[in-house]
Amino acid sequence: MTGTTETSGAGLPELDHAHYLRLAFKVAETAKASGQHPFGAILVGGDGAVLMEQANGYMPDRDMTGHAERLIATRAGIAYGPRFLASATLYTSAEPCAMCAGAAYWVGIGRVVYGLSEKRMKGLTGNHPENPTLDLPCEVVLAAGQRKVEVVGPLLEDEAAAQHEGVWG
């Protein structure tokens, strides 16, 4: 799949964020259907090609660090490296937590676009032991870095929230 390849003011390609977010939502829906937590992420290259997708990896080992965004950042860092990833966009069904934002930063991803905000996620999950949400915007985490990472979101937040219905009750 491809999007347009015009560049933004930051030198990153202009992409159809709604289109790619909905692809990340489909990954989250597949995760939910397979018994995982409903989180999904996709990595899109500077040319608009979908390079990777990743569902949540909490199960079967109950890995509390098995977030879709952290897992895809690890895979992307190994496969592509920071020079390539500077023009890549990470689309996530929910705002990356502090750990996942840090992972995106460390591997060199140039832009993060997310659906559901951490603040709204916290309202949905409450104090669920499998998702003790950090109500810390990823923009705050990424702003502390020495390299700029563009952040876009929340977008399509109601669609993103719908994936969590009946999960955290």
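Is Asp135 buried, exposed or partly exposed? Asp135 is partly exposed, with a relative accessible area of 32%. Before you click around, keep in mind that you're looking at a predicted model.

**Stop 1**

**Stop 2: a patch on the surface**

Now pick Leu134, Leu136 and Val140. These three make a nonpolar patch on the surface, and together they have about 250 Å² of accessible area. If you colour by helix, you'll find Val140 in α6, which covers residues 138-143.

**Stop 3: Glu130 and Arg62**

Next, select Glu130 and Arg62. Here's another salt bridge, with 3.4 Å between the closest N and O atoms. Again, distant parts of the chain are linked: Glu130 is in the loop between α5 (118-125) and α6, while Arg62 is in the loop between β2 (50-55) and α2, 68 residues apart. Glu130 is partly exposed at 27% relative accessible area, and Arg62 is partly exposed too, at 48%.

**Stop 4: a buried pair**

Move on to Arg111 and Glu150. Their side chains meet in a salt bridge, at 3.6 Å from N to O. Arg111 belongs to strand β4 (residues 111-116) and Glu150 to strand β5 (residues 150-152), so this pair also links distant parts of the chain, 39 residues apart. Both residues are buried.

**Stop 5: an arginine without a salt bridge**

Which helix holds Arg70? Look in α2, residues 68-79. Arg70 is buried yet has no salt bridge; Asp63, the nearest side chain of opposite charge, is 4.0 Å away. Show the side chain of Arg70 and you'll see one of its polar atoms 3.0 Å from the backbone oxygen of Thr65. Leaving aside residues up to four places away in sequence, Arg70 touches Asp63, Thr65, Met99, Cys100 and Ala103.

**Last stop: a network**

Finish by selecting Arg120, Glu157 and Asp158. Salt bridges join these three in a network. How many salt bridges does the count come to? The count is 6.

How values were computed: Residues are numbered from 1 along each chain as its sequence is written. This is a predicted model: local features need pLDDT of at least 70, side-chain atom pairs count only at pLDDT 80 or more; totals for chains, interfaces and linings use all residues. Side-chain values use heavy atoms; hydrogens and water are left out. Patches are made of residues with over 30% relative accessible area and no salt bridge: like charges are joined within 9 Å, nonpolar side chains (Val, Leu, Ile, Met, Phe, Trp, Tyr) within 5 Å. Accessible areas come from the Shrake-Rupley method with a 1.4 Å probe; for residues, only the protein chains shown count as cover. Helices (H or I, at least four residues) and strands (E, at least two) are DSSP runs, numbered from the N terminus. Buried means under 20% relative accessible area, exposed over 50%, partly exposed in between (1.4 Å probe, protein chains only). Lys and Arg count as positive and Asp and Glu as negative; His and the chain ends are not counted. A polar contact is a pair of N or O atoms within 3.5 Å; within protein, one must be able to donate a hydrogen and the other to accept it, and residues adjacent in sequence count only if both atoms are side-chain atoms. Contact means heavy atoms within 4.5 Å.
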